[in-house]
Amino acid sequence: MSPLDIAATGFPTRRNPPRLTVADMGLRYATSDDMPFLQLLYRSFRTDELAGIRWPTEQKHAFLEQQFIFQHRHYMAAFPEAEFLIIELDGMPIGRLYLNFSPEHWLIVDIGLIPEWRSKGRGGALLSAIQREATRSGVQALTLHVEHHNIAAQALYRRLGFFDVESGSSHIRMEWPCSIVSNATQR
């Protein structure tokens, strides 16, 4: 299935601007025109995982395209009210940020940058902006899931105050309690 075919499941149309702003980075709603970029980004997330598998490159690409489509459809069905954002730097897409909001909890559904922009402080800046906005909004907690093998992301989340809540077979659920920060700033 091509990126154009998957565009049929598309993204919800949003009229209001994204809730979040980040210094030095742009955030805009994803559209079906972003599908080729999002597929390449997804492929970059899974490159190391498939490195040891002896499949031809074409087979790996076909597998990852299928997995991207499954993930995209799942996100659209499970989080219809989420903000599906493209992270930009100087007008060029460098990542994605998918956020689902409820009055009490915000879920970081997915966050990721292209390899050239990882480990350069952009992810930390983005997460800090989410934390500030969640605190300002009176949210109780910010939650995310991270794969067991993604040690670098786990380290970043822990540095920013996230802690492990639950460990599943493939992912760890982590949480950042906004209320602690909110209560501390109100004293």
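**Close-up views of a predicted model**

**View 1. The lining of the largest cavity.** The residues lining the largest cavity comprise three nonpolar, two polar and two charged residues. This cavity belongs to a predicted model, and the structure holds one cavity of 30 Å³ or more. The space within the largest cavity comes to about 40 Å³. Its lining is formed by Q39, Y42, R43, H61, L64, E65 and F68. Helix 2 and helix 3 are the elements that give two or more residues to this lining. Which helix gives the most to the lining of the largest cavity? Helix 3 does, with four residues.

**View 2. The largest pocket.** The largest pocket holds about 1300 Å³ of space. Of the 40 residues that line the pocket, I111, G112, N150, A153 and Y157 are the closest to its centre. Several elements give two or more residues to the lining: helix 2 (35-50), helix 3 (57-78), strand 4 (105-113), helix 4 (122-136), strand 5 (141-147) and helix 5 (151-159). By residue class, the lining of the largest pocket divides into 17 nonpolar, 13 polar and 10 charged residues.

**View 3. The aromatic pair of W55 and F63.** The count of aromatic pairs in the structure comes to seven. In the pair of W55 and F63, the ring centres lie 5.3 Å apart and the planes meet at 75°; planes over 60 degrees apart count as edge-to-face, so this pair is edge-to-face.

**View 4. The aromatic pair of F101 and W106.** F101 and W106 form an edge-to-face aromatic pair, with 4.7 Å from centre to centre and 90° between the planes. Buried means under 20% relative accessible area. F101 counts as buried because its relative accessibility is 14%. W106 likewise counts as buried, because its relative accessibility is 4%.

**View 5. An aromatic cluster.** Which residues form one aromatic cluster? The members of this cluster are Y75, F79, F84 and Y98.

Technical notes: Residues numbered from 1 in each chain as written. Predicted model: local features only at pLDDT ≥ 70, side-chain atom pairs only at ≥ 80, totals over all residues. Heavy atoms only, no water. 1 Å grid on protein atoms, 1.4 Å probe; cavity = no way out; pocket = protein on both sides within 12 Å on 5 of 7 lines; lining within 4 Å. Points joined across faces, edges and corners; volume = space filled by probe spheres on them. Nonpolar A, V, L, I, M, F, W, Y, C, P; charged D, E, K, R; others polar. Phe/Tyr/Trp six-rings, centres within 6.5 Å; stacked < 30°, edge-to-face > 60°. Buried < 20%, exposed > 50% of the residue type's maximum accessible area, 1.4 Å probe, protein only.
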